[in-house]
Amino acid sequence: MSLQAVLARIDQTLPDALDRLFDLLRIKSISTDPAFKGDCAKAAEWLAAELAALGFDAAARATPGHPMVVGHAGDSGRHLLFYGHYDVQPVDPLNLWHRDPFDPAIEDTPKGRVIRGRGSSDDKGQLMTFIEACRAWKAVHGTLPGRLTIFLEGEEESGSPSLIPFMQANAAELTADLALICDTSMVSPGIPSIASQLRGMLKDEFTIHGPRIDLHSGHYGGPGLNPLREMARIVASFHDHETGRVAVEGFYEGVQEVPAELLTQWENCGFDEKEYLGSVGYTVPHGEKGYSTLVQQWARPTLEINGMWGGYQGAGSKTVIPAEAHCKLTCRLVGDMDPDKLRERVRAHVAARLSPDARVTWDNDLEGSPAAVMNTARSEFEAARRALSDEWNREAVFVGMGGSIPIAGFFKEVLGMDAMLVGFANDDDAIHSPNEKYDVKSFHKGIRSWARILAALD
């Protein structure tokens with residue numbers, strides 16, 4: 001009966017919950033741009049105040065970068081830590097947005113009502129589902145469920161430079177029985193999902209240098225080495241164009257095939273490959289041959305080129321051979337792939353293919369994290385799966401995730417605790433892109449889902 005009262009409260013107060021989310025979405029907390037440092041601090045203070053009003057001992061805590069928000073409530077029972085991030089991606093290109101990214105609104109679409117605005121899905125809308133579940137619980141019971149810690153980061157979208165030092169310095173108060181993370185998506189609309197594994201990430205950036213200065217293409221075109229042409233040739237060599245496999249020697253060390261039993265579960269989890277690809281304009285998968293789209297996304301590694309540039313990029317033409325060409329790349333890791341070893345192999349691949357008079361320099365702002373596998377044998381995972389199944393009226397599923405969420409691994413590595421990832425985003429939410437949205441249904445049922453999970457774990 002008490003859970004039903006909490007769920008009823010959530011339904012009754014949904015308009016108020018949306019208003020609070022809109023207040024948070026209006027704050028321009030872009031962590032990667034120093035111009036928005038004050039906005040990040042404002043978002044942290046806003047969240048700390050919201051938590052304090054719910055009875056948490058909460059504060060925005062200073063770091064060398066953007067603040068961490070930490071709140072504690074309760075002193076007995078299973079200790080759960082909830083993690084989310086309040087920072088957002090830049091909004092560029094602004095001209096592709098249909099409205100001001102920081103002027104959120106409810107829009108009617110052919111697929112239902114959505115919340116439009118930067119951060120609506122990644123991750124403000126998601127983190128607020130947990131906070132609103134706590135609010136409804138407190139309104140009905142007068143107390144919060146069990147022992148809770150809420151930990152909200154402000155640098156997730158800019159590499160989390162302050163995260164590990166903060167966790168190490170505050171390990172005693174942050175270590176809990178289990179971490180809960182709401183920064184993931186459902187495998188398909190309406191299919192509640194718990195992530196069982198995450199791909200790791202390796203980021204790198206390099207510059208190919210050619211002539212000492214930009215050169216006149218009439219004087220040096222032909223005999224002169226063009227760094228852009230050199231870059232294009234090397235980037236093309238990263239993949240076997242017949243099989244789609246990455247052609248870097250040793251790239252697949254540590255990769256395992258998906259066990260047949262797990263593969264069967266994935267094939268029956270409700271994923272619609274045609275809809276998934278068609279929603280972004282693809283007609284066929286373009287990756288590694290012999291693997292389905294879902295297996296490619298969840299269980300196969302990748303090497304992607306995220307940006308290439310050099311030479312003249314202004315209006316009109318400028319007939320130069322540029323002195324430099326630049327490339328940003330990322331690798332998604334699975335299994336036991338070692339990001340440090342892989343970095344060496346990718347760099348060796350480039351070095352071995354340089355032409356005479358070309359040289360390469362690499363960015364030294366290194367980022368890399370291994371893949372993570374969740375401990376789904378813990379009883380909390382099955383309890384949460386049942387709670388989600390009850391809310392969404394269909395069986396919740398354990399799924400892989402194509403993205404990389406390093407915090408899950410950091411919780412294990414730094415604090416020695418397992419993490420459970422439950423999210424309510426959809427693949428068409430356009431996170432990191434113009435016109436980001438979050439379904440009103442995801443927000444509403446996400447709040448209800450967390451209330452059910454909290455009841456199941458209390």
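This is a predicted model: local features need pLDDT of at least 70, side-chain atom pairs count only at pLDDT 80 or more; totals for chains, interfaces and linings use all residues.
Tyrosine 276 has a relative accessibility of 26%, so it counts as partly exposed. Phenylalanine 271, at 18% relative accessibility, counts as buried. Buried means under 20% relative accessible area, so phenylalanine 271 falls on the buried side of that cut-off.

Now look at the aromatic rings. The structure holds 13 aromatic pairs. In one of them, the ring centres of phenylalanine 271 and tyrosine 276 are 5.2 Å apart. Their planes meet at 55 degrees, so this pair is described as tilted.

## A stacked pair and a ring cluster

Another aromatic pair to find in the viewer is phenylalanine 82 with phenylalanine 130. How far apart are the ring centres of phenylalanine 82 and phenylalanine 130? The distance is 4.1 Å, and the planes are at 5 degrees, so the pair counts as stacked. For a stacked pair the planes must be under 30 degrees apart.

Phenylalanine 82 sits in strand β3, which covers residues 79-85, while phenylalanine 130 belongs to helix α4, residues 124-141. The two are 48 residues apart in sequence, so their pairing ties together separate parts of the chain. Phenylalanine 82 is buried, with a relative accessible area of 1%. Phenylalanine 130 is buried too, with a relative accessibility of 1%. Ring pairs also link both of these residues with Trp392, Phe424 and Trp450 into a cluster.

## The protein as a whole

Time to zoom out. The protein contains 15 helices and 19 strands. Its radius of gyration is 24 Å, close to the 23 Å that the globule rule gives for 458 residues, so the protein is as compact as a globular protein of that length. Along the principal axes, the C-alpha atoms fill a box of roughly 80 × 50 × 50 Å.

What share of the 458 residues is buried? The figure is 51%.

## Two residues and their contacts

Histidine 349 is part of helix α12, residues 339-351. Is histidine 349 buried or exposed? With a relative accessible area of 4%, histidine 349 is buried. Setting aside neighbours within four places in sequence, histidine 349 is in contact with Ser237, Phe238, Ala247 and Val248.

Lysine 37 lies in helix α3, which runs over residues 37-53. With a relative accessible area of 44%, lysine 37 is partly exposed. Once neighbours within four places in sequence are left out, lysine 37 is in contact with Gly65 and His66. Lysine 37 and histidine 66 are 29 residues apart in sequence, and their C-alpha atoms are 7.2 Å apart in space.

## Details of the backbone

The backbone has some details to look for as well. Which residues does the cis peptide bond with omega of about -5 degrees join? That bond joins aspartate 92 and proline 93. Proline 93 is found in the loop between β3 and β4, where β4 covers 105-109. A cis peptide bond also joins aspartate 122 and aspartate 123, with omega of about 5 degrees. Aspartate 123 lies in the loop between β5 (112-116) and α4.

Next come two residues with positive phi. Aspartate 357 has a phi of about 75 degrees although it is not a glycine. Aspartate 357 belongs to the loop between α12 and β14, a strand at 359-362. With a relative accessibility of 69%, aspartate 357 counts as exposed. Alanine 430 is also a residue other than glycine with a positive phi, in this case near 60 degrees. You will find alanine 430 in the loop between β18 (419-423) and β19 (437-439). Its relative accessibility is 25%, so alanine 430 counts as partly exposed.

Conventions: Residues are numbered from 1 along each chain as its sequence is written. Side-chain values use heavy atoms; hydrogens and water are left out. Helices (H or I, at least four residues) and strands (E, at least two) are DSSP runs, numbered from the N terminus. The radius of gyration is taken over C-alpha atoms; the globule rule is 2.2 Å times the number of residues to the power 0.38. Buried means under 20% relative accessible area, exposed over 50%, partly exposed in between (1.4 Å probe, protein chains only). Rings of Phe, Tyr and Trp (its six-membered ring) pair if their centres lie within 6.5 Å; planes under 30 degrees apart count as stacked, over 60 as edge-to-face and the rest as tilted. Contact means heavy atoms within 4.5 Å.
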